[in-house]
Amino acid sequence: MKKAFVVFLLLASLVMGSALFAQVTQIPREEAVYVAGFQWGPPTTDNPLAGSPMTFVSDPRQHIWIYETLFTWDALNGKYVPILGESYKWLDELRLEVKVNPKAYFHDGEPVTADDVVYSYKLGQKYPLGLQIWEWLKDVYKVDSHTVIFEMKPDNPNRLMVEDALGATFILPEHIWSKVEAENNYDLTKIRQFRNENPVGSGPYKVFYESPETIILVRVDNYWGNEALHGGKKPAAKYIVHPIFKSNDEGSLAFENGEVDVSQQFTPRIWEMWEKKGLPVGTWYDEIPYHMPATMPSLWFNVNKYPLSLPEVRKAIAYSVNYARISELAMSNYSPKVQASLIMPYGGEAKYFDENLVKQYGWEYNPKEAIRILEEDLGATKGKDGIYVLPDGTRLGPFTVECPYGWTDWNASLQIVAQGARAVGIDIQTSFPDAPIAYDNRQTGNFDMTMWAPSQPGPAQPWLRFQIALYSKGVPPVGQIAYSNFGRYKNEWADQLIDMIPKVTDEKELKNLYTELDQLYREDIPMFPLMYRPQTFYEYNETYWTGWANAKNPYAPPMPLVGAGMEMLWHLEPAK
């Protein structure tokens, strides 16, 4: 069936040549996979070095259609999937060797070599691009045209973060970007202003068309990975099309109507699409929780604000939260039961999770226990307004809890937090400022409580989650911008444990260290998870395409054609 795709006729006719416009309007529906949920505004640049390039070149952990990384993380089995990197191994305590695939080449035919890898990583050493790896790296250098060595600093090694970085940096063609640097006098501000029209990468797609309403990528038929990684097979879809929706509701309606094939948008009560409407829609699981847990959106305390500085107050709040209600009402049952741990009991890090200790020392929804802590442990008495007052006369509230406006599932979660706290006698009020204000408040420590997810899945988990939540070294005081430990928690033993773990390779010893660190976390509770959320929501509609991965056919992780989920592009088939 040949439904033509029409890309906003009036705008296109104004900005495009007639030949290209004719091509765009004749894209057959069965040759295009429509995706949603990655782009929430008009594309501004295709420069991967720009501060916030709002296109498919922005996230090296996901958007590897155009530019590729050495490896990409498969959270399903806790392993790296090779892309430009063939393999990696530790040569000794400080040096990691990476083999570059000798068959790889860029869209312009130039080979991908060790020089490109070294160049791409050293951009983060040369410019403030936010590549944290240079905190631990001493150098990156080539041995031969397809071998690279990552050498750590002897006084500050961190194997976990060096391995994590293997999937966090795009490999750029040095022969193009070195000229961009020179032409802009090695000024990062000017380099970031370079628009990079028709970007040259090494991935399976390249840019075909961009407008404020739509982005279209077109397949690279001679993509090197077809032969080297996929047995000579091409991706099924010639085009990847991303309509830019204004809201979740607009995108969800298009998905329901079959106008979007795969989406990572939050769609409430998605099971009704197949149970009540009989639509060919699916998610990773066909029952609760529907999505695979991967991240921990959490409630963070400013532990230096009295009386939130008291662990007993924080623990009473943790016992007051109705987690099942958050899962049901805020998350449409997409979150399984939340555990009192910073270790995810799913995926590759589950081997460090100690269920017995969580049950013995953790918390759960129990208003009676919250009241017992307030009255017996703290000696608080309830005032006439129903809010507890500490023996020194300090009222438990009002406290403010915040997250960005419009994040509907998070907004609903915090409303449930506030309701539960007030029910046990702690006065919590919600605040939903615009995202830039919420970000600034969180980073500067200008909050009582705030909501944020510690980190994404990767080879550094669960260490990285502990480091972001608990590590105090290098965290600036309140008022200055922090990129982790937003509540300014400080515990010297926690810092020492976090320093020790990256140097340990024995699994038994690692298990013991993580257990001790998790126990310390439960004692002080500077933050706690409110839900388990997928790395990306994964929802597919089989109206036009079949062959999507799911829990019954887990050949790829539940990521909608991004990261390791890109494998699905070589498995999809047009629906009959």
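The protein contains 18 helices and 24 strands, where helices (H or I, at least four residues) and strands (E, at least two) are DSSP runs numbered from the N terminus. Its radius of gyration, taken over C-alpha atoms, is 25 Å, close to the 25 Å given by the globule rule for 576 residues, so the protein is as compact as a globular protein of that length. The globule rule is 2.2 Å times the number of residues to the power 0.38.

The model is predicted: local features need pLDDT of at least 70 and side-chain atom pairs count only at pLDDT 80 or more, while totals for chains, interfaces and linings use all residues. Residues are numbered from 1 along each chain as its sequence is written, and side-chain values use heavy atoms, with hydrogens and water left out.

Along the principal axes, the C-alpha atoms fill a box of roughly 75 × 60 × 45 Å. Of the 576 residues, 58% are buried (under 20% relative accessible area, 1.4 Å probe, protein chains only). Among contacts (heavy atoms within 4.5 Å) with a separation of 6 or more, 70% are between residues 24 or more positions apart.

Helix α10 (residues 311-320) packs with helix α13 (residues 367-377) at an angle of about 160°, and their axes are 7 Å apart. This makes α10 roughly antiparallel to α13 (an angle over 145 degrees). On the α10 side, the contact is formed by Glu312, Lys315, Ala316, Tyr319 and Ser320; α13 contributes Pro367, Glu369, Ala370, Ile373, Leu374 and Asp377.

How values were computed
Axes are lines fitted to C-alpha atoms, for helices over the stretch in contact, and angles run from 0 to 180 degrees between N-to-C directions. Angles under 35 degrees count as roughly parallel, over 145 as roughly antiparallel, 65 to 115 as roughly perpendicular and the rest as oblique. Buried means under 20% relative accessible area, exposed over 50%, partly exposed in between (1.4 Å probe, protein chains only).
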